[in-house]
Amino acid sequence: MGANASNYPHSCSPRVGGNSQAQQTFIGTSSYSQQGYGCESKLYSLDHGHEKPQDKKKRTSGLATLKKKFIKRRKSNRSADHAKQMRELLSGWDVRDVNALVEEYEGTSALKELSLQASLARPEARTLQKDMADLYEYKYCTDVDLIFQETCFPVHRAILAARCPFFKTLLSSSPEYGAEIIMDINTAGIDMPMFSALLHYLYTGEFGMEDSRFQNVDILVQLSEEFGTPNSLDVDMRGLFDYMCYYDVVLSFSSDSELVEAFGGNQNCLDEELKAHKAIISARSPFFRNLLQRRIRTGEEITDRTLRTPTRIILDESIIPKKYAKVILHCMYTDVVDLSVLHCSPSVGSLSEVQALVAGKPNMTRAEEAMELYHIALFLEFNMLAQEKTIVSSPPFATELPHSSLVLHSQIRKPV
């Protein structure tokens, strides 16, 4: 019984040792299993001497066992048998426990589907960048005019000063309301469309036109040298919120509805006022925008401009508690909801908290505060606040403000 290496597809090497009758040739072959798991390498020997039947049977049995081990290993590595694992898990459970688990899975699946449908149904929340683009286009509450190449560009002093060192210095020399400033730009090649695109960039953080000149590195270097390089939009807007330069409106709060209707206020109300910018609150909230436009139509805005005093808006604290005012303003400037500022000072309690203490009720939980803030956001038509995820510094957690079909009953209070 012999074997010739040329009869096999793979190379073979004779192993010489002992006498010629005990000589063996080891041949490496490949065999494809019927299960389709790929090529399996085997190593066996062909004895040149007499082979006993029991040796042949033992060799065949060993190869079959090895093949089964390989197949079992490949099956275990391919994928987990979830049905088998579930059966093993529930094998010792009571029927009621299994039924409770099934109901839990069904309820979780239904909530996931409802959450998905709610996200698809609600309108897309407008971001700070989009609202700033509309602010530049529609010119809400502008307070200074830039004249460039005999064209007037109504703009907002606070935004340009916060975004650009060049305009911060230029506008400080003309502090009066409605000042007309003639622009003299040293950078060559700047025409009216490009100047408008530069202003759009200061408002939104990106250019509003496709112009090949903005790809010219030399022009960009000259512009940065003359105007300075602004920070990102969110950084500069956060700085504007923190320092409130050129603020032109104050928000005051009163629990006396008659006081609000009479356009008045007491000293306590004035001590708790919050500063803001008409341009920002008009761009972010249709409620405030309509409120300020009504003042312009009735001529009340002219009085504030003549006296050079900021416009005072007195809000009914039973509708918009003062404790949420800073959270709302912070979100208007940054697109971030931070509930941690609700408890930064004991003086920012709302009327609802006082009523709860008198009635002996416990303090509001974070979830209750988020729900109340959500309803205020709906009243102000500020979708970003209603749909944004809250960010809380202490204790740290993040949760999405809930959606509800409840309607916040309120009325618009006429400002002072």
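**Figure 1. Contacts and make-up of the whole chain.** Residues 24 or more positions apart supply 68% of the chain's contacts with a separation of 6 or more. The model is predicted. Its chain holds 18 helices and 9 strands. Of the 416 residues, 34% are buried. The accessible surface of the chain is about 25000 Å². Carbon and sulfur atoms account for 53% of that surface.

**Figure 2. Confidence along the chain.** The average pLDDT of the chain is 75. A score of at least 70 is reached by 63% of the residues. Residues 1-48 have a pLDDT below 50. This stretch still makes 68 contacts in the model beyond near neighbours in sequence. Residues 345-349 also have a pLDDT below 50. Here the model shows 4 contacts beyond near neighbours in sequence.

Figure 3. Strand E4 covers residues 144-148, and strand E5 covers residues 151-155. The two strands run antiparallel and are joined by 5 bridges. Between the strands lie 2 residues. Gln149 sits in this turn, with a positive phi of about 50 degrees.

Figure 4. Helix H4 spans residues 128-138, and Thr142 lies in the loop between H4 and E4. Is Thr142 buried or exposed? Its relative accessibility is 17%, so Thr142 counts as buried; the cut-off for buried is under 20%. Leaving out residues up to four places away in sequence, Thr142 touches Pro154, Val155, His156 and Tyr177.

**Figure 5. The largest nonpolar core.** In soluble globular proteins, nonpolar side chains tend to be buried together. The largest nonpolar core in this model has 75 residues. Which residues touch the most other members? They are Leu146, Phe167 and Phe288. Domain 1 (126-231) and domain 2 (246-257 + 270-385) each give at least three residues to this core.

**Figure 6. Close-up of Phe167.** Phe167 is among the core residues that touch the most other members. Its contacts, not counting residues up to four places away in sequence, include Leu146. Leu146 is another of the core residues with the most contacts to other members.

Key:
Residues are numbered from 1 along each chain as its sequence is written. This is a predicted model: local features need pLDDT of at least 70, side-chain atom pairs count only at pLDDT 80 or more; totals for chains, interfaces and linings use all residues. Side-chain values use heavy atoms; hydrogens and water are left out. Two strands pair if DSSP finds at least two bridges between them. Helices (H or I, at least four residues) and strands (E, at least two) are DSSP runs, numbered from the N terminus. Buried means under 20% relative accessible area, exposed over 50%, partly exposed in between (1.4 Å probe, protein chains only). Contact means heavy atoms within 4.5 Å. A nonpolar core is a set of buried Ala, Val, Leu, Ile, Met, Phe, Trp, Tyr and Cys residues joined through side-chain atoms within 4.5 Å. Domain bounds come from an automatic or database domain assignment. Accessible areas come from the Shrake-Rupley method with a 1.4 Å probe; for residues, only the protein chains shown count as cover. pLDDT is the predictor's confidence in each residue, from 0 to 100.
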